[in-house]
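Student: I'd like a close look at one chain, and at where it meets its partner. Please take me through it in one connected account, with a glance across at that partner to finish.

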Amino acid sequence: MGRFAALLPELILSIGGTVLMMVAAFTGRRGTGLVSWLSVALLLAATVALIGAPSHAGPIFDGLVTEDLFASFGRAIMYPAAAIAIIAAHGWFERGTEHASEYAVLIVFSAVGMGVMVSATSLISLYVGLELQSLAGYVLASYRRRDERSAEAGLKYFVLGALASGILLYGISLLYGFTGTTNFTGIAAAFARGAPSLGLLFGLVFLLAGLAFKASVVPFHMWTPDVYEGAPTPVTTFFASAPKVAAVLLATRVCVVALAPATDAWRQIVIFAALASIFLGAVAAYGQTNIKRLLAYSSINNVGFALVGLAAGGPKGASAVLFYMAVYVVMTIGAFLCVLWMRDAEGRPVESIESLSGLSQRQPGFAFALFMFMFSLAGVPPMFGFWPKLLVFTAAVDAGYVALAVAAILGTVIGAYYYLRIVKVMYMDEPAAPYARVREPVQTLLVIIAALIVSPLGYLLISPLSNLTDRAAGSLF
Amino acid sequence: MLSLLIAVPLIAGVIVLFMSAWGARWVALIATLVDLLLGIALWANYDPNGPQWQFVERQPIAGMMGWNLGIDGIALVLIMLSVFLMPICIGASWRAIEKRVPEYMAAFLLMEALMLGVFAAQDLFLFYVFFEGGLIPMYLIIGIWGGAERIKASYKFFLYTLLGSVLMLIAMLYMVLSAHTNFIPDLMAYNFPVGAQKWLWLAFFASFAVKMPMWPVHTWLPDAHVQAPTAGSVILAGVLLKMGGYGFIRFSLPMFPQGSAEFIPLVFVLSGIAVVYTSLVALVQKDMKKLIAYSSVAHMAFVTFGLFAMNRQGIEGAMLVMLGHGLVSGALFLCVGVVYDRLHTREIAAYGGLSDNMPGYALLFMIFTMASVGLPGLSNFPGEFLSSVGIYHVSSWAAIVATIGIILGAAYMLYLYWRICFGVARTAEAAAMKDLDVREWWLLAPIALAAFWMGIYPESFIRPIRNDVGRLLTRLETVAPAGDSRLTLGKGAQHEHMDMGAMH
């Protein structure tokens with residue numbers, strides 16, 4: 001029974017999700033509120049179940065998954081983020097003709113997939129978790145099926161995602177073929193046996209390429225702006241937060257556990273991907289007029305910085321990655337919740353950056369919150385977003401990659417421009433047509449909490465958070 | 001004490017956001033005056049012969065960063081300059097700023113807290129947070145309340161200075177990882193490998209040279225000054241530029257002495273070009289604010305000259321130039337603001353003959369012009385004199401170039417004064433302008449008094465820094481340049497050299 005107890009969070013979510021699906025099917029539109037709040041409760045219950053030391057340390061089910069602190073930390077970020085994505089949809093879908101209740105259930109299933117991803121220690125469970133997360137994601141992207149852009153986003157995401165899954169599977173099959181095992185430690189042992197063969201290297205590259213797609217890392221980022229723009233905003237909030245964490249954490253585990261002996265082989269790939277993401281994310285955001293597209297490039301840019309920590313390697317680098325992703329989730333969710341409130345007088349969503357003009361004079365609190373998220377995403381002190389950047393740079397310099405740190409930090413200056421542009425539009429331009437007031441007390445509270453975390457007050461969190469990330473990263477090594 | 005000094009404007013800054021324009025003005029004024037009183041208390045309790053670091057506070061808050069505050073004499077005098085200028089800035093914005101007053105006051109108060117933090121921080125990362133954080137309020141001040149070209153100027157200001165600083169951050173990380181401490185006093189005594197010092201020095205130089213600003217990275221300054229509101233220009237010239245000089249004296253010189261020595265020629269050449277070139281540029285400006293902005297670059301070049309002379313006269317002179325320039329250029333920007341509020345143009349050609357209808361204004365403006373020129377008895381003279389002596393010890397050529405700068409400085413300032421205050425008014429509006437009102441007297445007279453004080457009794461400002469400069473000099477002892485004009489003792493055998501030897 002011990003092994004099942006260790007999987008308590010996943011069990012809560014899977015069983016609860018299945019039951020809720022039935023509830024949703026039978027109650028239809030009437031049950032939307034009930035199903036949504038129950039889903040949030042499920043996700044929070046799963047988060048609570050994570051508290052305390054893992055009851056069953058070490059591999060479970062013949063090494064398919066492990067329940068170490070690393071996995072717990074990842075899930076402790078992703079489950080609340082998924083819950084917030086459900087809350088974000090409150091009052092969003094009711095306006096259309098869609099059934100909103102499946103939305104919450106799909107997010108719960110996606111959360112199960114993400115939980116499996118971060119705890120996977122085998123290529124099989126890795127793939128299963130990733131597909132579960134992605135399949136729910138494809139449906140979510142096209143949730144507004146009557147809206148052309150949403151349908152297009154779903155289709156694009158599905159086709160490209162399927163291609164990426166194919167690449168990933170091909171990499172998995174090569175690795176299995178050349179090592180005879182799908183287990184991470186077994187693969188590490190095979191790599192340790194001497195110079196890796198060509199087949200192993202191909203497997204490694206294909207595996208990383210598949211993961212890069214999920215994390216929307218350059219050069220596998222093409223889908224991101226289109227999907228972010230086309231998907232309904234609550235769905236985009238979800239895509240930009242929890243699945244990113246899952247993909248980056250999964251890549252971290254694969255790199256430092258399964259591919260540890262081949263560090264020299266993957267490190268160059270990660271360095272390239274990190275720098276390419278930072279610079280492309282920064283440069284491509286320049287011309288954007290749609291705030292969701294802009295934030296898509298911002299997320300590409302930010303994942304690039306997290307990868308700098310991975311490239312640095314070692315417990316310090318992994319800890320920096322965890323810290324970065326934790327803060328990134330808060331900043332991104334905060335920014336997207338603000339985007340959610342951009343609605344014209346009739347309550348239709350608005351996405352143009354121009355519509356933010358003079359927001360500080362129309363809705364000073366709203367503008368100030370977005371102001372903080374922008375400077376935090378840009379990594380300008382005294383905002384809290386500065387600290388995770390400092391940590392990844394510290395890890396890089398400590399590992400001797402000074403040139404990498406210098407290049408990455410120059411990327412922050414380029415990126416700062418477009419965050420500044422949002423602030424300029426909000427604070428220095430003449431006011432545009434006002435937005436409709438959105439009365440969502442829970443969302444307001446969430447924005448306030450997120451804004452407080454990214455404010456300089458967030459520095460008080462550094463000690464407890466870095467303590468956690470250090471321990472979580474330590475469980476990998 | 002120092003925490004309180006930083007907390008007062010910070011808390012007031014939050015409070016004013018929720019107030020009316022009238023309330024925000026008063027709260028901001030009171031908060032800055034309280035800070036001025038606290039600053040005076042700080043000065044009174046500072047013991048110039050005591051330990052190097054006083055009013056020390058250590059509070060570990062955040063992993064590798066701690067709330068470590070403490071000041072030496074150098075930081076003390078710069079803090080005094082900041083708290084002295086802030087109430088004047090609030091007063092200068094009293095009527096000039098009409099729109100979004102609470103936000104304006106909040107930005108200024110935040111700015112003050114961050115500036116004081118820069119000078120008080122003893123932790124490397126804390127310093128960086130304050131140093132960079134100052135960009136945000138200044139960006140807003142220029143961008144929201146600035147002139148017609150404000151957007152471009154605010155971008156230029158922000159991105160230019162950010163680009164300079166990020167390289168410094170990497171250097172800081174390297175330092176912390178190799179010295180295993182981010183406590184600034186420890187780092188000031190740590191000997192970094194000579195090979196690494198060069199790179200570290202260059203990284204810090206990138207930041208401080210932009211902030212200072214040194215030629216050729218000074219181009220953001222005229223734009224920012226011209227577009228900023230009057231009080232913004234005062235703070236920019238009065239305090240923000242001093243952060244560059246403070247950075248050199250706190251980081252570059254004591255932490256990388258060998259690196260600094262290696263780059264003396266570079267600093268001297270850049271400073272020499274700046275002194276002459278920007279003075280010439282100032283001579284042909286048609287816009288008053290631009291002229292004063294270029295004069296700032298020239299004065300700051302004096303500071304870098306003096307600092308990298310690496311002798312007592314040079315460094316003390318550089319500090320005095322920073323203080324004097326902080327007062328005088330701030331006052332000059334206020335003088336520009338006074339006439340700008342009346343006529344809404346900064347074109348020099350629009351004015352003339354103001355000594356007829358604004359005698360009080362002409363008097364104060366003359367005091368500040370003379371101070372800027374370096375007239376003995378006013379604030380800039382002791383600093384410029386001392387740093388010239390310091391430079392002369394190292395290189396007579398550099399001293400000649402610097403002196404040319406002083407002459408050119410006199411030329412452009414007197415030319416400016418002549419065109420504005422003498423002759424006949426060029427427009428009827430200029431002739432009809434009223435003299436200073438009570439509020440403006442209150443803004444300008446204290447600066448004028450301080451300028452006289454600095455000129456007549458500079459010892460008040462040298463005493464707190466004397467021991468700290470001494471400590472810096474012992475650190476620099478091995479690397480300070482010998483110089484070409486230092487007299488050497490003769491062997492003493494020949495009779496005719498005896499007199500010379502005895503003289504020295």
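This is a predicted model: local features need pLDDT of at least 70, side-chain atom pairs count only at pLDDT 80 or more; totals for chains, interfaces and linings use all residues.

Tutor: Happy to. Of the contacts in chain B with a separation of 6 or more, 80% are made by residues 24 or more positions apart.

Along the principal axes, the C-alpha trace of chain B spans about 75 × 60 × 40 Å. As for burial, 60% of the 504 residues of chain B count as buried.

Now turn to where chain B meets chain A. The contact draws on 24 residues from chain B and 26 residues from chain A. On the chain B side, β2 (60-62), α5 (124-133), α6 (135-145) and α7 (150-179) each supply at least two residues. The most comes from α7(B), which gives 12 residues.

Across in chain A, the average pLDDT is 88, and 97% of the residues score at least 70. Within chain A, confidence is lowest in helix α1 (residues 2-6), at a mean of 70, and highest in helix α15 (residues 314-340), at 93.

In soluble globular proteins, nonpolar side chains tend to be buried together. The largest nonpolar core here has 395 residues, and A82(A) and M325(A) touch the most other members. The most residues in this core come from α15(A), which gives 20. Leaving aside residues up to four places away in sequence, M325(A) touches I77(A), V245(A), V248(A), L249(A) and A306(A).

One more helix is worth a stop: α14 (residues 291-312) of chain A. At 1.5 Å a residue, its 22 residues should span 32 Å, and its end C-alpha atoms are 32 Å apart, which agrees. Since 22 of the 22 residues of α14(A) are buried, this helix is largely enclosed by the rest of the structure. Just after α14(A) comes G313(A), which takes a positive phi of about 75°.

Technical notes. Residues are numbered from 1 along each chain as its sequence is written. Chains are lettered from A and ligands numbered from 1 in the order in which they are written. pLDDT is the predictor's confidence in each residue, from 0 to 100. Helices (H or I, at least four residues) and strands (E, at least two) are DSSP runs, numbered from the N terminus. The expected span of a helix is 1.5 Å times one less than its number of residues. A residue is buried if 20 or more other C-beta atoms lie within 10 Å of its own, exposed if 12 or fewer, and partly exposed in between; C-beta atoms are placed from the backbone. Two residues are in contact if their C-beta atoms, placed from the backbone, lie within 7 Å. A nonpolar core is a set of buried Ala, Val, Leu, Ile, Met, Phe, Trp, Tyr and Cys residues joined through C-beta atoms within 7 Å.
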